[in-house]
Amino acid sequence: MLFQELQPVDTYSLKLSVPFSDYDRQLLTLFYQPLTGPEAMSLYLTLWADADPQENRFFTHYHLMNILTMPLQAVFQARISLEAIGLLRTYTKTEDDRRSFVYQLLPPLDAQNFFHDPLLATFLFSKIGEQAYRDLRGRFVTETSNTTGYKEISRNFLDVYTPVNGNAHELQNEQQLAAREPAHGVPFDHSGFDFDLLMSGLSEQMVPRAALAGISRELIAKLAFMYDLNPLDMQKVIMMALNENLEVPEERLRKSSADFYKMNISKSAPKLEKVYNVKPAPEVYDGPQTKERDQINYLTQISPREMLRDIMGKEPVSVDIQLAERLVNVHGLEIPVVNVLLQYILLRNDMKITSSFAERIASHWKMKKVDTAEKAMEYARKEHDQYTKWLNEGGKSGGRTQKPIREEQVPDWFYKKDEKDKPAKPVSAESKAEIDEKRKQLLAKLETMRKGVK
């Protein structure tokens, strides 16, 4: 379940393994974005922008949900995509029931190493097509300067500099200095490939062991994985790659793998599919798909900022967003519960949010362990009279008494459609028409957003 992997209140800090450059940004955009998708790349660039080498700052994952306008599951899927492609390392620890993470951003492979990696190169080829692949590769071909007919006259270090006496102890410093680590590429576990079976079928007379000395096991396993080849297939590939000197050059092995794939498996380039997905929480509701159920699904999948924007028809003010963050981070409410709470208050309080009133209800719901949108709706119905009293008191005990609310405006889900035994509260014909119109407008907005929610 997603909550076992990640929650909005979980904190994280950032670590840059190396100083990044504009060249890295170009590599990320042109090489990696087609592989990971825009969501993962947006997450990477956001983490890069937030990382401060001079200060170890902490954020909650609600910060990412807010700035990326993505639900938590989408943030998590983007994170594991970055991990799988070799751009992110994730570390976690739990202390006093509080979970925290460290995200270490890794640099992308340079053009030479990227196209040299069989997984990344073939993956990119399958994503953007042959012509775009060739054009992109051509952009990063190194052009050697023509020095034919010229004589080099460059001086070396000793031609220009000479040592002088100085205090040697001033040069000694035991502090560890930052250095640019080489990019490691895709984290790949090759332990699942049966190398014993591969080698058992290769005769020493036909393929000397020395012929494979310069070929890494990781490369063999990557080629087998990319082209869907088993150890017996790889035996044939190695035989095809063997040259007249009984050697297996790396480039011949790559070409032989591709040729074997085309001849025996498919003429189309191999493709990769993402198979790691967080299983959603089991759906406990098995009844008909009603409008209330649609609203529950909507409030469960959207962020508070988007929900406020939908109801208000404009970008919410910063104080309302900060209140939503406080309800999540300080009061520990789940995102769907916050959505129900804010929607209830907006429609109950003439489209205005009172912080003290919201936080008083939040404290009550936290004490009652309200952790789903459905439970939040039920408590809003059950404790409605009490909440009305709090609102008229100004949202806190002992507060200044306000003028009572004239009209009973509540969300559409407030009155259950199946509770026929409970008579509807009497409302004047004029008020009822206004309420119905507002409900229709809200339902239309919810329906539009529900269809757009992934």
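**Group meeting: side chains in a predicted model**

Hi everyone, let's start with Thr 36, which has its place in helix 2, residues 22-36. One reminder before I go on: this is a predicted model. With a relative accessibility of 14%, Thr 36 counts as buried, because the cut-off for buried is under 20%. What does Thr 36 touch, not counting residues up to four places away in sequence? The answer is Met 41, Ser 81 and Ile 85.

That brings us to helix 5, which covers residues 72-85. In helix 5 you will find Glu 83 and Arg 79, 4 residues apart, about one turn of the helix. Their side chains meet in a salt bridge, at 2.9 Å from N to O. Are these two buried or exposed? Both Glu 83 and Arg 79 are buried. As a general point, side chains of opposite charge can pair when their charged atoms come close.

How many salt bridges does a search of the whole structure find? It finds 15. Let me show you helix 13, residues 250-264. Glu 251 and Arg 254 are 3 residues apart there, so they are separated by about one helical turn. They form a salt bridge, with the closest N and O atoms 3.7 Å apart. Arg 254 is buried, with a relative accessible area of 14%.

Helix 13 also holds Lys 255 and Asp 259, 4 residues apart, again about one turn of the helix. In their salt bridge, the closest N and O atoms are 3.0 Å apart. Lys 255 is exposed, with a relative accessible area of 54%, while Asp 259 counts as partly exposed at 25% relative accessibility. Elsewhere, Asp 117, Glu 218 and Lys 222 are linked in a network of salt bridges.

Ala 241 and Glu 251 are 10 residues apart in sequence and 8.7 Å apart in space, C-alpha to C-alpha. Ala 241 has 0% relative accessibility, so Ala 241 counts as buried. Which residues are in contact with Ala 241, leaving aside its neighbours within four places in sequence? They are Glu 247, Val 248, Pro 249, Arg 252, Leu 253 and Ser 256.

Now for the aromatics. A search of the whole structure finds 15 aromatic pairs. Take Tyr 12 and Tyr 103: the ring centres are 5.4 Å apart and the planes are at 35 degrees, so this pair is tilted. The pair links distant parts of the chain, with Tyr 12 in strand 1 (residues 11-16) and Tyr 103 in strand 4 (residues 98-105), 91 residues apart. Tyr 12 and Tyr 103 are both buried.

Next come Phe 125 and Tyr 133, with ring centres 5.3 Å apart and planes at 75 degrees, so this pair is edge-to-face. Phe 125 is partly exposed, at a relative accessible area of 26%, whereas Tyr 133 is buried, at 12%. These two belong to one aromatic cluster, formed by Phe 31, Tyr 32, Phe 114, Phe 115, Phe 125, Tyr 133 and Phe 140.

Arg 25 lies over the face of Trp 48, at 4.4 Å from the ring centre. For Phe 195, the charged end of Arg 217 sits over the ring, 4.5 Å from its centre.

Two more stops. On the surface, Phe 157, Leu 158, Val 160 and Tyr 161 form a nonpolar patch, with about 510 Å² of accessible area together. Leu 158 is found in helix 9, residues 157-160, and is exposed, with a relative accessible area of 70%.

The last stop is helix 19, residues 373-382, where Ala 373, Ala 376, Met 377, Tyr 379, Ala 380 and Arg 381 are buried. Which helices do the buried residues of helix 19 pack against? They pack against helix 14 (291-301), helix 17 (335-348), helix 18 (355-367) and helix 20 (384-392).

Technical notes. Residues are numbered from 1 along each chain as its sequence is written. This is a predicted model: local features need pLDDT of at least 70, side-chain atom pairs count only at pLDDT 80 or more; totals for chains, interfaces and linings use all residues. Side-chain values use heavy atoms; hydrogens and water are left out. Rings of Phe, Tyr and Trp (its six-membered ring) pair if their centres lie within 6.5 Å; planes under 30 degrees apart count as stacked, over 60 as edge-to-face and the rest as tilted. Helices (H or I, at least four residues) and strands (E, at least two) are DSSP runs, numbered from the N terminus. Buried means under 20% relative accessible area, exposed over 50%, partly exposed in between (1.4 Å probe, protein chains only). A charge sits over a ring if NZ of Lys or CZ of Arg is within 6 Å of the ring centre and within 35 degrees of the ring normal. Patches are made of residues with over 30% relative accessible area and no salt bridge: like charges are joined within 9 Å, nonpolar side chains (Val, Leu, Ile, Met, Phe, Trp, Tyr) within 5 Å. Accessible areas come from the Shrake-Rupley method with a 1.4 Å probe; for residues, only the protein chains shown count as cover. A salt bridge is a side-chain nitrogen of Lys or Arg within 4 Å of a carboxyl oxygen of Asp or Glu. Contact means heavy atoms within 4.5 Å.
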